[in-house]
Amino acid sequence: MNISVFLTAIPVMVMPTPDPLGFPVPPIILQIVAYLTLSLHLLAMNFTVGAAILLLYSKVRKKTEYDGTAFFLGSSLPLGLSYVITLGIPPLLIVQVLYGQMFYSSSILVGTFWILVIPILVFAYAGFYLHKFKRFDYPKHQWIIISLSLIFMLYVGFLFVNNITLSWSPSEWLTMYSNHPGGGTLNFNERSLHPRFTLFLGGAFAMAAIALIWRGTLFNRWGYEKEGAFSQRFGRNAFLLSPILWGVSAVGIYMTRTESINEMFAEVSATIPLMVTGIVGFVLLTAGIVLSVGRKSWLYPIVSSLGMLIVMASAVVFRDLSRIKTLEPYFRLENVPIEPQWEMFIMFAVALVLGTGLMIFLSIKVFPNIASLSRERFESKLAKN
Amino acid sequence: MNYPIWDIPFLGAGLVVAIIAIIHVLISHLAIGGGAFLFIAEVWSNRTEHGDRIRDWLHKYATWFLVYTTVFGAVTGVGIWFSIQLANAEATSLLIHQFVFAWAIEWVAFLGELTVLYFYFYGWKKNSRSLQVFLAGAYFVISWMSLFIINGILSFMLTPGDWTILNKDIFLGFFNPGFFPSLLIRTLAMFMIGGLFGIIVAARVTDDSDFKERIISFSSKWIIPAAVAAPFLLLWYWSTLPENTIEIFKSGVTGVMGGKLEALTRYFWLAIIAAGLILAGIAFILIRPRAASLTGAIALFLIAQFGVLGAEFFREMARKPYVIYGVLYSNGLWQSDADNPEYMKKPYLDQAKWHPDVEELSSEHGEWVFRLQCAACHTRDGYRAISTRTKDWTGEFGFKWLETLDQQGVMPKFQGSAEDRAALSAYLVSLHGDTITAGDILAMVAEAETGDTTSVTDSSAVMDTSVVTGEMEESK
């Protein structure tokens, strides 16, 4: 057999057929839900990783002025990871509906590493709780716990990038499976792997910075300007790493772009407006963070948060468009039949509205109580000092 | 074969799913039963003179509950998804596509219960008493809704009822025959586990024996609903099981070389005995609260873990040989394809996608047939080891036996040509050192069919009279 013919035939041969049940609603609806929830999931993940890095930095500096922000970041880590997991469920569900045959295949190909995500996530989560509840009992060992949890988080992030990019690369599949049917391998042939990972790290500093800006603004409003301004400055300085990492990542992604990405820019009209939207989001993010220092207005944290959401949503949509274009020779969403489940979709929409309403209502009732507790704790610490 | 098989040595994909699921199920039941416990205890604390003391203790309960259920429960819940994708992508895909919005609603419930639990825990010192009661109650209701939904999907896999791949009727599938008995049994088990967790936390109280006695007594009463209603619900559940499952439970399954495999029955009794021990243990504590110790309470919790192990393995094995009963076999073969003799006789590797080019009748041929058709359930030498199950085989025996694979009751039909069977049989016997080739096997079979008396005839006789009819005496 002619070897080039054989290699060309491989992806077609191993590409599984889509599920016989088809799509339950037009794919655009699922894509919109996935864009929203994946953006929120990535923001939570960025916050958790960024908070862990800044907490570690605070521990290394060993200066008392970092105590307040370190306490805040350390207390937030378990909550952050909790929402990383919870908000990751809908995109994980939807990727299985829309791109299941690719996602299942790639997951099995890296199966042994993929399943390790679960125990590693448990260790990372337990480490964050250990820090939260025992940080004052064993202060000297906290940096070890945080470092380990951070490394575990980075491993999980890397595995996700590796698996998802592999799911777009059917040409790699059969060789990988033939050589490692137990899933004991990873896809290092993906040239954009490292730039993508760097992109995610850049977001980590930005999200942790936004959290510190919110905290700083709250403290400024309570009249503790010194603590508030420190929190805002710490956030702003950390944020400056984000554009650097994003810049490096952008160059890397550009250098490793494939022909299908070039075609996407030429053929898909949404790409340029999407990039412009992302740039607008970045400007809002930067302005909100940089201008917030020493100010009491909620405007700055709100603007920076909105800017980050826009940046993330643009990146998420862009990523999906890249996937659709890359998979075009093997699979098209429009070729899968739709077997409508409108009644179930409506039930989901109603549940989502009711659930969101309940959470907003309870937030209004409970957040002031939690904030007041934080204030009392801070004042008590001030009194002791 | 639409998807690759995760051919993980020694453990096998099925055991990975089982390990994660067994851990998750106990915690997820605690996560809901514990919610009811928090709610009732909150109400109780508002109505008694020792309310503050109870709330202090309840804070300890809530702290352990929060860490245990979120760290282990939430992550292992996602872990089940991860593992079932690896173990059976075809079935996972079907479940996801049929129940995507049910799962999405469950996610809303999960997000809600988590958020409410955080409001309850982090607002502990500042929230009003009535708000705390509301939050605990809301947590329980929302978390029970998540059970309601996932129970529909789980019970569907064993008793899909009138749902078919053609009608795709989600409500028929969701409210299947096993739905309500399963839901009620799980709910009672949750109350019991929530109370048991209360005993563990209460057993750590050392400074006030009267108070300790009161809360242990309170926690122990959570077994009463299960003690009263479980037997009736179990009978109801039993009545919904497939006939084949009942048959396997009663008489076991004839093994590959004879003998009775009664794993289904053993797991059933493990679950029943564990439940009985817990009921007896907690009943004893209820009568004599002062006898409760931390060691004893943890021992009961571990017994509960074994009970979950038995129940989950029973539920999984009751489906055999299917992963979705009557629809899809555990190895990814659709029932509709299995019913088509022409399809089933076609060369297997021509149908399967995930294999390199291999020489027909070679050792690699047999290995890939094993990997893609058997490795979903069997490892070579670990969990459900194929090497021990075939240790007495000859190549010719295996060749014949595979033709009647489905007649045991717990295996699907063999898919493939005579060459595939010969290649697989040669591969299986090679696992314990036999060097016969697939070509040799086919030649011997051909020779036997022409009338010569060989060992093939003997093994064929064994097949016809014993294994196939299921009457072989218990030689193992």
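In helix 17 of chain B, the buried residues are Gly395(B), Glu396(B), Phe397(B), Gly398(B), Phe399(B), Lys400(B), Trp401(B) and Leu402(B). A residue is buried if 20 or more other C-beta atoms lie within 10 Å of its own, exposed if 12 or fewer, and partly exposed in between, with C-beta atoms placed from the backbone. Helix 17 spans residues 395–403 and is mostly covered, with eight of its nine residues buried. Helices (H or I, at least four residues) and strands (E, at least two) are DSSP runs, numbered from the N terminus.

The model is predicted: local features need pLDDT of at least 70 and side-chain atom pairs count only at pLDDT 80 or more, whereas totals for chains, interfaces and linings use all residues. Residues are numbered from 1 along each chain as its sequence is written, and chains are lettered from A and ligands numbered from 1 in the order in which they are written.

Chain B as a whole contains 20 helices and four strands. Its C-alpha trace spans about 90 × 45 × 35 Å along the principal axes, and 54% of its 476 residues count as buried. Two residues are in contact if their C-beta atoms, placed from the backbone, lie within 7 Å. Among contacts in chain B between residues at least 6 apart in sequence, 75% join residues at least 24 apart. The domain assignment, which is automatic or taken from a database, gives chain B domain 1 (13–328) and domain 2 (340–467). Taken over C-alpha atoms, the centres of these two domains of chain B are separated by 41 Å.

Lys320(B) and Pro321(B) are joined by a cis peptide bond, with omega about 5°; Pro321(B) lies in the loop between helix 11 (294–318) and strand 3 (322–324) of chain B. Phe10(B), in the segment before helix 1 (13–46) of chain B, is not a glycine but has a positive phi near 65°. Phe10(B) counts as exposed because it has 12 C-beta neighbours inside 10 Å. Leu361(B), also not a glycine, has a positive phi of about 70° and sits in the loop between helix 14 (348–351) and helix 15 (363–373) of chain B. With 19 C-beta neighbours inside 10 Å, Leu361(B) therefore counts as partly exposed.

Chain A is divided into domain 1 (22–190) and domain 2 (194–323), whose C-alpha centres lie 19 Å apart. Their contact takes 22 residues from domain 1 of chain A and 25 residues from domain 2 of chain A. On the domain 1 side, helix 2 (27–61), helix 3 and helix 6 (142–167) of chain A each supply at least two residues, and helix 2 of chain A gives the most, with 13 residues.

Within chain A, helix 8 (residues 193–222) and helix 10 (residues 241–255) pack at an angle of about 165°, their axes 8 Å apart. Axes are lines fitted to C-alpha atoms, for helices over the stretch in contact, and angles run from 0 to 180 degrees between N-to-C directions. Helix 8 of chain A is therefore roughly antiparallel to helix 10 of chain A, a term for angles over 145 degrees. Among the residues of helix 8 of chain A that meet helix 10 of chain A are Leu199(A) and Phe205(A), and those of helix 10 of chain A include Trp246(A) and Ile253(A).

Finally, the two chains touch through 59 residues from chain A and 58 residues from chain B. On the chain A side, the elements that give two or more residues include helix 3 (67–109) and helix 14 (342–384) of chain A.

Definitions and conventions: Parallel < 35°, antiparallel > 145°, perpendicular 65-115°, else oblique.
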